[in-house]
Structure formats: structure tokens, C-alpha cells
Amino acid sequence: MADEQTSGAAPADKGKAPEETPETTTAAQAESDNEEEQEDTTAPSTATGAASKKKKSKRKRVKAALGGGSSEGSGSASRDDLNKAVGGLGAADIQAILKMNPALAQQMGVGEGSELSDKKIQEAMKKLNLEEIMTGLASSGKNVKDMASYKFWQTQPVPKFGESSGPVEEGPFKIVDIEKVPKEPGPLLPGFEWVTMDLTKEEEIQELFSLLYGHYVEDDEAMFRFNYSESFLRWALMCPGWTKEWHVGIRASASRKLVAFISAIPVALRVRKKVLSASEVNFMVVHKKLRSKRMAPVLIKEITRRCYLLKTWQAIYTGGVVLPKPVSTCRYFHRSLDWQKLYEVGFSPLPANSKPQYQIRKYALPDHTGTKHLRPMEEKDIDGVLDLLRRYLDKFDMAPMFTREEVEHWLLYKKTSPEEQVVWSYVVEDPSTKKLTDFFSFYILESSVINNANHKNVRAAYLFYYATEHALSPQYSRADLKKRLNELMNDALILAKKYKFDVFNALTLLDNTLFLEDQKFGAGDGQLHYYLYNYNTNAIAGGVDARNNVDEKNGSGMGVVML
């Protein structure tokens, strides 16, 4: 139900695939590799080898690791890898991939609507490396060597490239006979075993933290690593209705080290008029030294089996790579809050003919918010936020159907220690009617900065859910909605700055296309693809046009924000 790029966080570069490990690798050797990798990747190193990389490519990969997207592949794949990856893909398949990746089509010199001959495909392929082809310039393509051949996905209940150019009848690809679902997990390589993680235990959530920190998301030069805090993991993986059975791990039998993980949480997902009792699959990670062992398909099959056993037949997942076949494709944008810091860590470039003080001035924000009656969300606001959010999400082709318990979990900060705060939510209350007219929220995802004497982390805020009566009441026009969203999002930026965030990220979903450019968000080069498992549906607009630019006129039909 997911690929090894699975994440709602960003179309981030999740680490270059390691060199192929010989198929004769033993479990003992893998355990040894695991111990070495833990030493190398779970703590900031003082090594300076990364500094020898070219600065231009470094900056783009750094952006990818922090959520901005990247247009640079690592260039490490061989021509044999390329042939394997695109083998079996005909002109129709490639055409479908290019349609969803306008930046890639432009790179290949293919105009909109042009037909591709086999000869032209071969000529165009020679210009690109494997990562660029299979990710559509979205990232450096983690585990592309295993997954990009599509062999695994050809066996799964997902749409195939080139199958249909017209509207499809929406519904499940197959009806699952629960009696035929295996009651036990499939076999693993000798020396490894399945485990069900218990994230209520401090030591097990710490194990997951360490695995994600060392092996989930990292730029190519190991300068940045996503730092999912324990409080974030509890928030993301222990929502209302969660089950321990959907927190799946693989351990090395002898050392007991956790070497792979995949998770799912329940979600009532509306796809146009149909509501699915689905799972949201996320946080799939495989130890770097084991990625050539094709553990990703095994993890996907296992989470699928466990979902089926609980009569959950569909799933939603996201990825930076192009797989068969995205329901929607959005683009990431990022807005500098502390430009000087982002420049010093290598995230933000200094534009030609500019000076640092000009950039600092460009991204400066007021000290105080401007929206009247704006305040932090409180427990008394849960019902008002739920009503507002439900009505707002009804506008979109795909969106979750929130319950009161879910609004409380996902949006209300339970005042513990400030360092454990994960989500910030604000409401606007009409003082005369006491009704909520607006709300917005954002969450934190921090990255550790490796080998920087001045900065240890980068705090990134991610726009989460919001809603406003200006999108719902007939007395308001689209121009009114745009004005109101710009006011609210400017205040969100001010608040994020107040809480020491360095960058603010957002996708082209919801009504974000109405404010991204006005609020000085910069376009990421990458894309985030949304997928459905065992459900066929017609494409949903992702807020970008055929050239991968913001499509303010048509907007987005996507109302799902995944972590």
C-alpha cells in the first residue's frame, strides 16, 4: 500500500539508494552492517567529507531534505539500471508519466500533446539519469533500483499506465474474500523476523525514532536529517482508532535490532460521493544496508494483509516517485522565515545581483498578527472547528471525514511542556454570535543539521488544515476568499516566526493556490503524488497546471493533508 518513498511530509530526497548488496549477504553480515550504520547515521558526525561536493547540486539536495523539493538526481544509476527500470514501458506508459511530470517533459524536450515514438523515447532517455526519469525531477529516487521497474506494482490492484485515457468507472479493483486472506505473515530472509511494535512503550518508540532518524529522510550529503520527535510519532501514529497491529516492524533475529518499519492509521476517506473505510499508510523505512533485499514489497504486502484482516480494503499513500498511478499530483512551496539562517545552512541561495540584507528585508514580517479576534484554539472550540472543517472539506473531490475525537487529537494542543508541542491551531471567533468564522493550523517537523558549527537544527512548519466562512457563504466571492486567506496565512507566518520556525512549507492543495505567491512562497522543484490502493478513480486536480505552475484559476480538488 506504499512505496519506499511513502511520506506525507514532503517530496523530500529520502536518501540515495545504497550500492547493491550481494544476494549472498548473510543475516549476520546484515546485523553487522546495521551496527556500523547506527554508529554512522544516528548521531551528528564531525566528518567534513560532504564539503567536497559541488555547491550548486548541494543546495538543491538540501532543499529537498527540508521539504522544498529538488530537481537534481544523484546521477549514480548505471545505464543497466536505466534499461531495467524502463524495460517493458512503452510509448503510452512514458507518455502517461510525462503528462504527470511537466518538468520532466520539458527536460526531455517533449512538448504538450506531442506523440512519442520508440526512437524518440530512446533518444530522450539518453539525456537523463535513472533518478530523473523515475521521479520526474521530484527527488533522487530512494530505492529506485528495486521499485522503478514496476514489476511489483503490476501485480497489485492499482491503475496501470496507459490503460485508459477516458473517464473510468470509480470503485474497488477487487473484492477481497477475507477467508482467503493469510492468517500469518509471509516469509522473510533467514535471520529476520516480523514484530508488532508497541509504541506505548518508551523503548520501542525510541527504537522507531532511531531507525527513522538514521534511514528515512536525508539529503545526499548527510547534512540534514528529518528529526521526528517522540511526541510527533505518538501524535502521527496513535490517533483515534489506531491499532497496534498496524505498526509493523522487522528485526534482525540475533541482535534484535529494528531494521524496517511500516505503519497505517484508520481514515474515513471520501472520494467524491463515496466514503471509504481506508487506511493511511506512512513512515515506511528500510535500513540502508538492506534495501537491495526487496524488503519494501514484503512490507507492503504485510501491511495490506493486516489491513484486510480488519476489513479495510483501501488505502491512501503518497510518494515523491512516480508509481502506477497517481490520483493527484501536488507541488511543494516553501516560505523563508529566517532567511539568514537558511542561507547559512545551505538551504536558501543568494540570488544573482542581490545582497543578504535585501533577502532579509524581502521576507520580513510584522511583529503582530492583523486578524481581529484571532486566538489559540481551546477545548471549547472543538465542535465549532469540526463544523467549519466538515463544511469546508465538502468542496473537494477527496477529503477525510473528521470526527470530533479526531479534531481534538489532530488540532488541539494539550498543554504539556512547550518542547513537546506538535501542532499549533488558531481560531477567529465572532464576538457577537460567539461562532467561529475561521481557523488554521500548522505542525512542526524539525531537521537536524549535521556538521554546522552555528546551527544544530532547522525548524520547519507545515501548513495543516484550515477553513473559513469566506469559502462557504454565498455572500463572499472568490476574490473575497483570496483576500481572507491571504490575511489568515500572513498571520500564520507571523505566528510561526514568533515560535522560532525557520521555514514554512505548503502544498498546492485545498485553496492554497490563492495565497502561495502573494505570501512569497517559493516553488519547489519536486512533486508529491497521491495514490489509492484497490480503488480506481478519475484524476483529481492538484493545484498545478500542465507546466507545473500554480493553477489559481482551476484550483485543487485535493483536500487530504498527509504528514
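**Close-up views of the predicted model**

View 1. Trp424, at 5% relative accessibility, counts as buried (under 20% relative accessible area; exposed means over 50% and partly exposed in between, with a 1.4 Å probe and protein chains only). The model is predicted, so local features need pLDDT of at least 70 and side-chain atom pairs count only at pLDDT 80 or more, whereas totals for chains, interfaces and linings use all residues. Residues are numbered from 1 along each chain as its sequence is written, and side-chain values use heavy atoms, with hydrogens and water left out. The structure holds 33 aromatic pairs (rings of Phe, Tyr and Trp, the last by its six-membered ring, with centres within 6.5 Å; planes under 30 degrees apart are stacked, over 60 edge-to-face and the rest tilted). In the pair of Trp424 and Tyr499, the ring centres are 6.0 Å apart and the planes stand at 50°, so the arrangement is tilted. Because Trp424 belongs to strand β10 (residues 423-429) and Tyr499 to the loop between α16 (478-498) and β13 (503-507), the pair ties together parts that are 75 residues apart in sequence. Helices (H or I, at least four residues) and strands (E, at least two) are DSSP runs, numbered from the N terminus. Tyr499 counts as partly exposed, at 30% relative accessibility.

**View 2. The aromatic pair of Tyr443 and Tyr462.** These two rings are stacked, with 5.4 Å from centre to centre and 10° between the planes. Tyr443 lies in strand β11 (residues 436-449) and Tyr462 in strand β12 (residues 457-468), so the contact ties together parts that are 19 residues apart in sequence. Both Tyr443 and Tyr462 are buried.

**View 3. Arg459 over the face of Phe501.** Arg459 is placed 4.5 Å from the ring centre of Phe501 (a charge sits over a ring if NZ of Lys or CZ of Arg is within 6 Å of the ring centre and within 35 degrees of the ring normal).

**View 4. The nonpolar cores.** The largest nonpolar core has 111 residues (buried Ala, Val, Leu, Ile, Met, Phe, Trp, Tyr and Cys residues joined through side-chain atoms within 4.5 Å). The residues with the most contacts inside the largest core are Phe283, Met398, Phe440, Phe442, Phe464 and Phe504. Another core, of 32 residues, lies apart from it and includes Phe152, Val181, Ala252 and Ala315.

**View 5. Contact of His215 with Lys288.** His215 is found in helix α9 (residues 202-215) and is buried, with a relative accessible area of 2%. Its side chain reaches the backbone nitrogen of Lys288 at 3.3 Å.

**View 6. Helix α10 and Met562.** Helix α10 (residues 230-237) has seven of its eight residues buried, so the helix is largely enclosed by the rest of the structure. The buried residues of α10 are Glu230, Ser231, Phe232, Leu233, Trp235, Ala236 and Leu237. Met562 lies in the segment after β14 (522-533) and counts as buried, at 2% relative accessibility. The C-alpha atoms of Met562 and Ala236 are separated by 9.7 Å, although these residues are 326 residues apart along the chain.

Technical notes. A polar contact is a pair of N or O atoms within 3.5 Å; within protein, one must be able to donate a hydrogen and the other to accept it, and residues adjacent in sequence count only if both atoms are side-chain atoms.
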